[in-house]
Amino acid sequence: MKSFPVVNDSHRLLFSSAMFASGWFGLSFSFPLLATSFHYGYSFTGFLGLMGSVPFPVIAFIYLRANRTMLRYGRFIPFFVLALLSALFVIYSRSGFIEIIILADIAQGFWWISMEISLNLMSGRNNAEKYSVGWGIPNAIIPIASGFIIQYIGFDALFIAATAFFLLGLLFIPSVQVEKMPEKFSKVRKRFVIPLLFAGVTAGFLYYVFVPVLRNEGVSYGIIGSLVSVYSISSAAGYILLNFLRNLRIRSYSILSSMFLLSAFFIIYTRNPAFLVIILIMVGIGASIAMSKILAYISNTSSPRLGVFYYETFFGIGFTIGSFVLGTIYEYIGPEYVSILFLFPLVYIVYEATGYFSRISGSV
């Protein structure tokens, strides 16, 4: 049966995403840095990344039976919960920071999942791209701002700012009404979604391993935030530019994304600022292709609930590998072994390119 979605104000999608992302990216930026300041190792900071990624496939699985009530509560309750937890960080940033982080990770998962399921239930075109721009721009700005806030004012100021963003976001919650949730269906070719796993590996390593590594090497909070913002800015630029480029086939996007993400291999072997900037720009573009165009592909070839489950499962597994697995390898085995996992996109590129040219030659 055909559903009839109604959006009261399409701008709310952008504003709601921007407010939530501003609060969340500021708050989560502090997680590995707090742990590092308390002298925890890379395996532990990676564990914090694991706690941030596990809720996504779990909640996405729960939402396979999503109804209007679940979607409605998932769009606004996380704002309340995260505003409270951000405020509690000011008081319990040392004694209870692990428990607060876990609760915050669970709460934020419900918001992202609810919004992503709702994308295909909203009127208008390119909702996946609009959503990506809505959270992509804060993702570009907030890390550098957070780094300098921590450096010159302190962690508490960042927690207070995050609280304000979450409260402000309550004013822009999009209203989506659907007569009947679409039935589950899927025409997704899963091999084209694999670059989302690579994007997750890169993001998990960057936020929960590489950031603590830089801090332990004496790099200032401001510089760390600036480097993270290079990655985020290139991702945001990618989200925006992809809206204006002619659409390619999904195979092309998957290969392109993997090619850019492959550059993460070199991040272990250099501390030259210019080289780091180039690497972060490359992986940021690769992530933007995966998290925008592949998300759009999934949204167009599956029901909202099942599509989000695919998206979050692939990215969540990758984020877990990048944060916890690579953090443990980095700490106990050695950084050179970490780089081996960053070569998997090359295997994927060769496989897809070989199969493509084989099919062309076979048809001639």
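Trainee: What is the mean pLDDT of the protein chain?
Mentor: This is a predicted model, and the mean pLDDT of its protein chain is 86, with 88% of the residues reaching 70 or more.

Trainee: Where does pLDDT stay under 50?
Mentor: That happens over residues 1-8. The model has 18 contacts beyond four places in sequence for that stretch.

Trainee: OK, on to the fold. How many helices and strands are there?
Mentor: The protein chain has 14 helices and 2 strands. Of its 364 residues, 57% are buried. Among contacts with a separation of 6 or more, 88% are between residues 24 or more positions apart.

Trainee: And what about the accessible surface?
Mentor: The protein chain has about 15,600 Å² of it, and carbon and sulfur atoms account for 69%.

Trainee: Which residues form a nonpolar patch on the surface?
Mentor: Tyr73, Ile77, Phe80 and Val81 do, with about 350 Å² of accessible area together. Phe80 sits in helix α4, which covers residues 68-92.

Trainee: Switching to α10: what span should its 12 residues have?
Mentor: At 1.5 Å a residue, helix α10 (residues 250-261) should span 16 Å. The C-alpha atoms at its ends are 16 Å apart, so the two values agree.

Trainee: Which residues of α10 are buried?
Mentor: They are Ile250, Arg251, Tyr253, Ser254, Ile255, Ser257, Ser258 and Leu261.

Technical notes:
Residues are numbered from 1 along each chain as its sequence is written. This is a predicted model: local features need pLDDT of at least 70, side-chain atom pairs count only at pLDDT 80 or more; totals for chains, interfaces and linings use all residues. Side-chain values use heavy atoms; hydrogens and water are left out. Helices (H or I, at least four residues) and strands (E, at least two) are DSSP runs, numbered from the N terminus. Buried means under 20% relative accessible area, exposed over 50%, partly exposed in between (1.4 Å probe, protein chains only). Contact means heavy atoms within 4.5 Å. Accessible areas come from the Shrake-Rupley method with a 1.4 Å probe; for residues, only the protein chains shown count as cover. The expected span of a helix is 1.5 Å times one less than its number of residues. pLDDT is the predictor's confidence in each residue, from 0 to 100. Patches are made of residues with over 30% relative accessible area and no salt bridge: like charges are joined within 9 Å, nonpolar side chains (Val, Leu, Ile, Met, Phe, Trp, Tyr) within 5 Å. A salt bridge is a side-chain nitrogen of Lys or Arg within 4 Å of a carboxyl oxygen of Asp or Glu.
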